[in-house]
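Hi,

Here's the structure I said I'd pass on.

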Amino acid sequence: MSTTVFTGGTIVVEARRDGRTVTSNAIAFEGDRVVAHGPEATALAERPGSQIVDLAGGTLIPGLGEGHAHPVLGGLESMGPQVRDAEDLDGIIAAVGAWRREHPEAEWIVGGSYDATFAPGGLFDARWLDAVTGDVPTILRAWDYHTAWVNSAALAAGGITADTPDPELGRIVRREDGTPLGTLQEAAANDFLAEVVPPFSLEDRVAAIESATQAYAEQGTTWVQDAWVDPRDVTTYLAAAAADRLRTRVNLAFRADPFTWREQVAEFARLRASIRELAHPRLSAETIKFFVDGGIENHTAALIDPYADRPDERGLPNWSAEELHAAALAFDASGFQLHLHAIGDRANRTALDALGAVEAQNPPRERSNVIAHVAMLAPGDAERFAELGVIANFEPYWAQCDPVMEALTIPHIGKEREGWQYLIGSVLHSGGTVSFGSDWPVTTKDWRPAMATAVTRHSHLEPTAEAWLPEERITPGAALAAYTTGTSRQALAPERGTLEIGMVADAAWLSADPLTVDPNAIPEVAVRGTWLAGERIH
């Protein structure tokens with residue numbers, strides 16, 4: 001059994017949500033476990049065959065977790081036009097046109113993810129794409145992945161005309177004369193992608209998983225929650241696992257459909273069983289994903305009171321409270337962890353009510369259920385996470401007053417509700433468990449700028465900016481805990497998240513200590529190595 005000893009730097013053994021940390025000056029791994037700290041670890045360096053890692057003044061931290069992401073979607077973005085890099089609407093159109101010229105044989109153009117602030121109200125016209133795509137059907141996903149922009153050829157391929165009704169739980173945005181504009185929201189976008197757009201090949205999808213998990217390994221992340229998996233994706237993950245092309249651990253969350261969930265209970269249990277039988281150490285499928293609502297930016301987040309700029313609109317909930325309660329109870333009874341996307345204050349309250357019903361009505365057990373994003377909480381709801389034992393999975397990079405917040409979010413909900421957003425500090429200080437994620441490819445998967453944002457509540461690119469909702473700032477130690485002990489609880493992995501003796505040896509070697517550097521400098525910290533269960537993966 002191999003022994004690896006780390007010296008010459010700081011070892012963060014544990015980061016706690018109260019901001020305190022436990023450190024050491026040396027640590028030893030034997031096989032896949034932590035076996036010693038301090039002088040006892042240093043002594044093991046004398047053992048024949050031991051490997052010595054000189055941290056060179058750097059810091060070793062527990063392996064990081066990613067509490068909410070879409071690695072297949074993120075990996076596939078590299079195969080289409082690179083619209084994310086565009087700085088304005090003309091830049092998007094130029095990128096699509098360039099890709100079209102470089103791929104004259106392409107029968108479809110599929111890309112993501114564009115900045116919705118580049119058009120008024122986030123509404124994009126098919127005719128803008130027509131100029132550079134011609135008769136090649138084209139679909140681009142917005143960065144929120146709840147909205148899509150299509151050209152006229154794609155509308156024709158999907159049979160969408162002025163007479164096409166909106167699908168249930170979706171919107172076809174229209175011009176004043178009733179013709180489709182070219183912007184599809186929620187189910188209108190997702191159904192189009194599933195039913196009209198040709199799927200990527202199995203090899204392309206496996207390659208996307210491999211590249212995505214490799215990128216996670218390179219940034220010190222050892223566990224990822226894929227937060228949106230449909231049955232066809234299981235084939236892709238099984239192929240990746242069989243070929244040893246998973247570079248980090250991934251847990252799959254099957255998407256519950258509001259219309260077919262009763263049949264899905266048994267189907268998802270069978271899929272979970274097939275993955276358990278494979279017994280691959282880097283693949284699990286223990287979770288059910290619910291989209292309770294959409295997003296504020298396209299007026300589909302479910303609000304208690306109307307939108308400020310649309311007095312007759314309260315959003316587009318995907319589930320009635322009654323159906324959500326029934327589905328949550330059924331999937332929980334089947335032994336699944338529940339993971340609920342909730343953006344608006346009404347959606348978060350509905351999600352908390354459903355998880356409260358599960359806790360009250362089903363037999364007691366450790367559930368580690370999750371509400372993801374928690375973008376907007378009405379007064380009094382932040383404290384309910386601790387009361388119900390529910391994990392609040394925040395994407396901390398969003399907790400800043402960026403152009404999206406200024407141009408879309410705040411105008412939609414109104415200034416009086418601005419302070420209800422991303423209440424990370426409030427949930428944490430009330431005793432709740434917080435985990436962190438990115439929602440990549442919605443925003444960067446890199447934990448470093450996101451951690452900096454959680455601490456400062458502004459962009460690290462504007463170090464002198466005022467903190468947005470400064471009372472919601474948290475300490476660097478609490479932020480690191482959200483990425484380590486918080487995500488380990490979410491991952492149903494009590495043996496991970498710290499570097500205490502006996503724990504699984506997941507670790508990341510950093511060039512500096514993110515707990516002591518200027519928070520604005522955290523994004524500059526380099527990752528020099530990553531270990532998963534004692535094996536160096538980067």
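I'll begin with serine 368: leaving out residues up to four places away in sequence, this serine touches Gln337, Ile391, Arg489 and Leu492. Bear in mind that the model is predicted. Serine 368 sits in the loop between α11 and β18 (370-373). Its relative accessible area is 4%, so serine 368 is buried. As for polar partners, the serine 368 side chain makes a polar contact with the side chain of glutamate 366 at 2.7 Å. There's also the backbone oxygen of arginine 489, which lies 3.4 Å from a polar atom of the serine 368 side chain.

Helix α11 (residues 345-361) crosses helix α10 (residues 321-333) at roughly 45 degrees, and their axes come within 9 Å. That angle makes α10 oblique to α11, and the crossing is right-handed. On the α10 side the contact involves Ala321, Leu324, His325, Ala328, Leu329 and Asp332, while α11 brings in Thr350, Ala351, Asp353, Ala354, Ala357, Val358 and Gln361. Sorted by class, that contact has 8 nonpolar, 3 polar and 2 charged residues.

Leu89, Ile93, Val96, Gly97 and Arg100 from α3 meet Trp128, Leu129, Val132 and Thr133 from α4. The residues of this contact split into 6 nonpolar, 2 polar and 1 charged.

Cheers

Conventions. Residues numbered from 1 in each chain as written. Predicted model: local features only at pLDDT ≥ 70, side-chain atom pairs only at ≥ 80, totals over all residues. Heavy atoms only, no water. Contact = heavy atoms within 4.5 Å. Helix = DSSP H or I, 4+ residues; strand = E, 2+ residues; numbered from the N terminus. Nonpolar A, V, L, I, M, F, W, Y, C, P; charged D, E, K, R; others polar. Axes fitted to C-alpha atoms, helices over the stretch in contact; angles between N-to-C directions. Parallel < 35°, antiparallel > 145°, perpendicular 65-115°, else oblique. Left-handed = near helix turned anticlockwise from the far one by under 90°. Buried < 20%, exposed > 50% of the residue type's maximum accessible area, 1.4 Å probe, protein only. Polar contact = N/O pair within 3.5 Å; in protein donor to acceptor, adjacent residues only side chain to side chain.
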